[in-house]
Amino acid sequence: MVKDGPLVISEVFQAYYDCRRTKRNSESARRYEISFESNLVDLYQRLIEQTYEPAKSSFFVVLEPKVREIWAAEFEDRIVHHILYNRFYDRFVNSFIHDSYACIPNKGTLKASERLQKFIRSATENHSKPCYYLKCDIANFFMAINKDILYEIICRKVNDHWWKWLTRVIIYHNPTENFVCKSPKAKIDLVPKNKSLFKTSPNTGLPIGNLSSQFFGNIYLNELDQYTKHHLKVKNYIRYADDIIMLDQDPKMLNQNYKHMCSFVEHNLRIKFHPNKKQMNLIEKGVDFVGYIIKPHSKYLRRSTISNLYNKVNENKTNNQLVPSINSYFGMMRHADCFNERKRFVITFADRKFKFDKYLTKVIKQTNK
């Protein structure tokens, strides 16, 4: 167990700078920045005296890529999330398996897809033998997380009572008791009951949209990762958030391991795999993972992702609003076999005269040859 030292004010300032890096243009961040030094000193005092309480969250619903609730914490609360994240990061992330991805620096969708490609080469013995994949995910993951179990898992590695207090404040905060609604009722009604924080059981469910929730989710499923890798001895196993892929030349072994994993998460984490989202097939049919369709000798962008790109362009937005998003999609295409998709897009929207980045400009020149 790692012994924690007391919170020092430099950690509060560092958390502020980390938080400001991505939220500087938000209204709450601009308000906070006007007197940020005195605000941070005041926050530090409230934390040390254990009088800090989370403020109202902003609640809204998004429809893409799927309908879900988003809970945006106030800027100061985000700072507190970063304080905890920065202090706990090394001890927890260093204990994760290598093949845990999402919400970890340098372990995004691209790295996860490349790692799966490496597993495919290994499991098929350099594409010389047939191999199967099994894909599964946790049903309503963030809504199903048991706070008592999560808190107990974290406390195994936290010795200091003050850091336990802050962990408890963040985990057990219920944003549904104090929030500002920013979506119309018609939109809110589209959220399925099993994906709503308003409908969860007591002490269950974390708000989607906070750094702390993403970090806690990885800590929670690390229990499954450790069991699968070290007890079941599954070699080709990778997890991105709550999406899991296993590879094996024997489909019976995949099913057997999946059965053990189901039993483990139900008894130890009180969550379940989604009964309708288990998929098993030959790898040569293509593995749908982190936005890509991955095959032994190729990788493509998922059709729904391409559709989302076209839908964004057809929205009533200016070119300046769209270009950063388009460049992001083209960045994904750059790491897949998608030249024809890039070419088709450029031809389709030639009349829009987008001012693209250097890479996309090169694609346009190649298209015009």
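Contact is defined here as heavy atoms within 4.5 Å. Helices (H or I, at least four residues) and strands (E, at least two) are DSSP runs numbered from the N terminus. The structure is a predicted model, in which local features need pLDDT of at least 70 and side-chain atom pairs count only at pLDDT 80 or more, whereas totals for chains, interfaces and linings use all residues. Residues are numbered from 1 along each chain as its sequence is written, and side-chain values use heavy atoms, with hydrogens and water left out.

Helices H2 and H3 are considered first. In their contact, Tyr32, Glu33 and Ile34 of H2 meet Phe36, Asn39, Leu40 and Leu43 of H3. By class, the residues of this contact comprise 5 nonpolar, 1 polar and 1 charged; Ala, Val, Leu, Ile, Met, Phe, Trp, Tyr, Cys and Pro count as nonpolar, Asp, Glu, Lys and Arg as charged, and the others, Gly among them, as polar. The axes of H2 (residues 27-34) and H3 (residues 36-48) come within 5 Å and cross at roughly 95°, which makes H2 roughly perpendicular to H3. Axes are lines fitted to C-alpha atoms, for helices over the stretch in contact, and angles run from 0 to 180 degrees between N-to-C directions. Angles under 35 degrees count as roughly parallel, over 145 as roughly antiparallel, 65 to 115 as roughly perpendicular and the rest as oblique.

Helix H5 comprises 15 residues (109-123), which at 1.5 Å a residue should span 21 Å, and its end C-alpha atoms are 21 Å apart, in agreement with that value. The expected span is 1.5 Å times one less than the number of residues. Residues are classed as buried under 20% relative accessible area, exposed over 50% and partly exposed in between (1.4 Å probe, protein chains only). The buried residues of H5 are Ala112, Ser113, Arg115, Leu116, Phe119, Ile120 and Ala123. Because these residues cover an arc of only 160° around the axis, they lie on the same side of H5; the arc is that of the directions from the helix axis to the C-beta atoms. An α-helix has 3.6 residues a turn, so residues three or four places apart point the same way. The buried residues of H5 pack against strands E3 (100-101), E6 (237-240), E7 (243-248), E9 (287-289), E10 (292-295) and E11 (298-301).

Positive phi values occur on either side of this helix. Most residues other than glycine have a negative phi. In the loop between E3 and H5, Cys103 has a positive phi of about 60° although it is not a glycine, and Cys103 counts as partly exposed at 40% relative accessibility. Asn106, placed in the loop between E3 and H5, is likewise not a glycine and has a positive phi of about 65°; at 70% relative accessibility, Asn106 counts as exposed. Just after H5, Glu125 takes a positive phi of about 50°.

Helix H10 (residues 211-231) contains Asn222, which is buried with a relative accessible area of 8%. Not counting residues up to four places away in sequence, Asn222 touches Ser95, Phe96, Ile97 and Arg239. Asp225 is also found in H10 and counts as buried at 0% relative accessibility. With neighbours within four places in sequence left aside, Asp225 is in contact with Ile97, Ser100, Tyr237 and Arg239.

Glu69 is found in strand E2 (residues 68-72) and counts as buried at 3% relative accessibility. Beyond four places in sequence, Glu69 touches Phe59, Phe60, Val191, Lys195, Ser196, Leu197, Phe198 and Ile208. Val191 is placed in the loop between helix H9 (185-188) and H10 and is buried, with a relative accessible area of 10%. Leaving aside neighbours within four places in sequence, Val191 is in contact with Val61, Val67, Glu69 and Ser196. The C-alpha atoms of Val191 and Tyr89, 102 residues apart along the chain, are separated by 32 Å.

Arg168 lies in helix H8 (residues 161-172) and counts as partly exposed at 40% relative accessibility. Residues up to four places away in sequence not being counted, Arg168 touches Tyr151 and His173. Arg168 and Tyr151 are 17 residues apart along the chain, and their C-alpha atoms are separated by 7.0 Å.
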